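Visitor: Hi, I'm new to this one. Could you walk me through it?
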Amino acid sequence: AMAISDVGLPGEVPWKKMSAEELENQYCPSQWGVRLRAEEALRTYSQIGIEATRRARATRKSLLHVPYGDGEGEKLDIYFPDEAAEALPFFLFFHGGYWQSGSKDESAFMVDPLTAQGVAVVIVAYDIAPKGTLDQMVDQVTRSVAFVQKQYPSNEGIYLCGHSAGAHLAAMMLLANWTKHGVTPNLKGFFLVSGVFDLEPIMYTSQNVALQLTLEDAQRNSPQLKVAQAQPVDPTCRVLVVVGQFDSPEFHRQSWEFYQVLSTRNLCQGEWKASFEQLHDVDHFEIVENLTQKDNMLTQIILKTIFQ
Ligand SMILES: N[C@@H](CC(=O)c1ccccc1NC=O)C(=O)O
């Protein structure tokens with residue numbers, strides 16, 4: 001089969017040497033599970049998310065469908081710990097689904113174990129494609145973070161977590177210009193779970209039918225290309241890049257290369273306090289499904305980071 005492109009240095013951009021079919025497969029997470037077949041893996045993920053959300057809404061104090069902007073899709077859900085407190089850490093979650101599926105209403109996976117330890121959890125909705133463009137989604141996520149800071153100015157830290165496409169949106173917040181939002185959020189940590197940080201290969205997959213990314217869109221929205229020029233907001237802010245053992249080689253490469261660029265001393269002084277973790281025995285979906293469990297490795301890493 002024809003390679004997508006023959007330009008680029010060999011070894012540096014392995015995806016450019018792949019056939020269209022191979023690239024499609026590398027960027028189809030449900031093909032890589034070891035326990036369930038594709039449709040079953042997606043159905044299980046959705047069922048666990050729906051059940052966790054039902055439970056969170058039934059058992060936790062919450063504010064649901066709170067508008068963070070004027071748009072119909074600009075809503076977020078806040079779940080609170082049982083004990084009222086003035087100052088809480090806030091954990092914001094951005095769901096995945098390749099910027100074209102998923103919703104906040106089936107993504108409250110981590111609410112139970114985090115609120116039980118005194119963390120407020122915010123599940124953020126954004127306008128997925130084709131309604132929303134990538135630039136609009138990045139702007140919405142930026143405004144959702146600014147909104148939480150404005151509503152809870154005495155928060156004990158804002159932690160951003162995203163999965164897959166949501167990890168991309170969270171990573172874009174490393175580049176945000178907060179001055180035009182009238183507030184600097186108290187960002188203390190990023191948890192980037194099985195993310196995509198260089199969007200160019202996505203252009204050559206079926207995902208781009210809905211996304212319609214041009215090369216300029218992809219480059220402008222690729223934290224992999226832009227983060228070296230960004231200023232760390234707070235030198236103590238941690239960035240954890242995590243990928244599942246059974247994520248595809250391309251997902252492993254995306255996470256590893258993003259961690260590498262974060263750990264490289266950059267032009268604007270300093271570097272991010274980044275770490276990299278490959279989580280044992282989980283695929284692209286189990287890595288998030290397991291956040292419903294308090295004794296899960298990633299849940300423990302998140303709690304340790306928040307309460308260190
Ligand atoms: N169509 C994709 C679905 C997918 O990628 C996905 C689904 C739910 C949550 C995250 C996902 N991936 C990245 O955003 C697949 O079959 O794997």
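## A walk through the model

Guide: Let's start with P130, which sits in the loop between strand β4 (120–124) and helix α4 (134–151). Helices (H or I, at least four residues) and strands (E, at least two) are DSSP runs, numbered from the N terminus. Residues are numbered from 1 along each chain as its sequence is written. This is a predicted model, where local features need pLDDT of at least 70 and side-chain atom pairs count only at pLDDT 80 or more, while totals for chains, interfaces and linings use all residues.

Visitor: OK, and what kind of peptide bond joins A129 and P130?

Guide: A cis one, with omega at about 5°. Most peptide bonds are trans.

Visitor: Let's zoom out. How many helices and strands are in the protein chain?

Guide: The protein chain has 11 helices and eight strands. Its radius of gyration (taken over C-alpha atoms) is 18 Å, close to the 19 Å from the globule rule (2.2 Å times the number of residues to the power 0.38) for 308 residues, so the chain is as compact as a globular protein of that length. Along the principal axes, the C-alpha atoms fill a box of roughly 60 × 45 × 35 Å.

Visitor: What percentage of the chain's residues are buried?

Guide: Buried residues make up 47% of the 308. Buried means 20 or more other C-beta atoms within 10 Å of a residue's own, exposed means 12 or fewer, and partly exposed is in between, with C-beta atoms placed from the backbone.

Visitor: Which residues does UniProt list for "active site"?

Guide: The unreviewed entry lists S164, D247 and H284. They are spread over 121 residues of sequence but cluster in space, with a largest C-alpha distance of 10.6 Å. UniProt positions are given in the numbering used here, feature names are shortened, and annotations may be inferred rather than shown by experiment.

Visitor: Where is S164? And why does S164 count as buried or exposed?

Guide: S164 is in the loop between β5 (158–163) and α5 (165–172). S164 counts as buried because 26 other C-beta atoms lie within 10 Å. Leaving out residues up to four places away in sequence, S164 touches P29, G96, S194, G195, V196 and H284. Two residues are in contact if their C-beta atoms, placed from the backbone, lie within 7 Å.

Visitor: And where do I find D247?

Guide: Look in the loop between β7 (238–244) and α9 (249–263). D247 is buried too, with 28 other C-beta atoms within 10 Å. Apart from neighbours within four places in sequence, D247 is in contact with W32, S194, H252, D283 and H284.

Visitor: New topic: which residues are around the ligand?

Guide: Among them are C28, P29, S30, Y98 and S164. Here a residue is near if its C-beta atom, placed from the backbone, lies within 6 Å. Helix α2 (residues 38–59) gives the most to this shell, with three residues. By class, the shell has seven nonpolar, five polar and no charged residues. Ala, Val, Leu, Ile, Met, Phe, Trp, Tyr, Cys and Pro count as nonpolar, Asp, Glu, Lys and Arg as charged, and the others, Gly among them, as polar.

Visitor: Back to Y98, what is its phi?

Guide: Phi of Y98 is near 50°, a positive value in a residue other than glycine. Most residues other than glycine have a negative phi. Y98 counts as buried, with 22 C-beta neighbours inside 10 Å. H65, in strand β1 (residues 61–67), has a positive phi near 55°. H65 counts as exposed, with 11 C-beta neighbours inside 10 Å.
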